[in-house]
Amino acid sequence: MPIDKERTIRCYDVVAPLYSFFRKITHKSDNEIMPFVLNILDPGDEDAVLDAGTGPGIYAIKIAEITENARIYGVDLSPNFLRLAEQNARDAGLDRIEFLEGDLENLPFNNGYFDKLICAGAMSAVPNRERAASELYRVLKRGGRAVITEPNKGKDIRDRAFLLLLYGLGVFNPNLRGFSTKDISRYYLNRDSLYSLLKRAGFETVRMVERAGSMCAVCFK
Ligand SMILES: C[S@@+](CC[C@H](N)C(=O)[O-])C[C@H]1O[C@@H](n2cnc3c(N)ncnc32)[C@H](O)[C@@H]1O
């Protein structure tokens with residue numbers, strides 16, 4: 001069975017508070033991926049920045065904290081994640097991030113709107129990844145840069161635990177069952193598949209870097 005988007009998002013909706021709680025804790029001790037992403041993106045006050053599949057809004061919030069006027073958008077399909085992202089931004093004293101509902105396969109922005117974008121851990125949940133990669137490419141300006149991070153299959157125990165949680169919820173409640181056991185092995189992208197996906201989408205340069213159990217694709221348009 002291919003990944004069922006609606007059910008997967010329902011499942012994300014259920015795990016959103018738990019995920020947000022743990023993400024806030026782990027992000028505090030993250031001195032590898034977050035600094036790496038920020039260093040590559042180097043967001044400035046003139047930039048429009050997208051956090052695609054924002055979840056609890058950790059990247060959007062961090063980018064807002066280190067810029068004064070950057071236009072920052074966080075997009076997600078899960079209403080619960082969006083509510084949590086808004087709450088997390090309010091808790092951080094920020095009111096200039098726009099969080100909005102949107103699908104990675106059909107982003108609600110004009111061509112070339114963004115200077116920078118981050119998409120962290122969201123591509124694996126999307127049924128049509130080719131389409132999502134093309135959308136990330138489309139909304140980025142020529143000369144813009146993107147970092148797309150995905151868990152490096154099986155290397156990080158937290159990622160495996162998270163996937164098991166998503167699958168386990170679906171076993172108890174079929175309405176939340178977005179993928180089958182067969183899909184588990186295909187759920188995560190690997191280094192080669194992420195690289196070629198992004199090259200096919202049109203990115204001129206894609207540089208793959210490994211950081212703390214995650215693959216980071218640094219892409220230039
Ligand atoms: C593992 S979480 C990562 C969240 C966040 N980027 C982070 O670093 O913590 C994956 C997120 O992707 C979102 N997502 C999954 N499929 C999506 C889609 N088709 N369009 C938009 N968001 C999607 C989920 O709702 C979830 O918030």
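**Reading the fold and helix α4**

In this predicted model, residues 24 or more positions apart account for 71% of the contacts in the protein chain with a separation of 6 or more.

Me: Which secondary structure elements make up the protein chain, and how does its radius of gyration stand against the globule rule?

Reply: The protein chain comes to eight helices and seven strands. Its radius of gyration is 16 Å, close to the 17 Å that the globule rule gives for 221 residues, so the chain is as compact as a globular protein of that length. Buried residues make up 41% of those 221 residues.

Me: How should I read the pattern of buried residues along a helix such as α4?

Reply: An α-helix has 3.6 residues a turn, so residues three or four places apart point the same way. In α4, the buried residues are F81, L82, L84, A85, N88 and A89. Seen down the axis of α4, these buried residues fall within an arc of 165 degrees, and therefore they line one face of the helix. R90 and D91, on the other side of α4, are exposed.

Me: What covers the buried residues of α4?

Reply: The cover includes α1, α3 (58–66), β2 (71–76) and β3 (97–101). Helix α1 (residues 5–28) also gives the most to the shell around the ligand, with four residues.

Me: Which residues come nearest to the ligand, and how do the residues of the shell divide?

Reply: Of the 21 residues around the ligand, G53, G55, S78, A120 and A122 come nearest, while the shell as a whole divides into eleven nonpolar, five polar and five charged residues.

Terms used: Residues numbered from 1 in each chain as written. Predicted model: local features only at pLDDT ≥ 70, side-chain atom pairs only at ≥ 80, totals over all residues. Near = placed C-beta within 6 Å. Helix = DSSP H or I, 4+ residues; strand = E, 2+ residues; numbered from the N terminus. Nonpolar A, V, L, I, M, F, W, Y, C, P; charged D, E, K, R; others polar. Rg over C-alpha atoms; globule rule 2.2 N^0.38 Å. Buried ≥ 20, exposed ≤ 12 C-beta atoms within 10 Å, placed from the backbone. Contact = placed C-beta atoms within 7 Å. Arc of directions from axis to C-beta.
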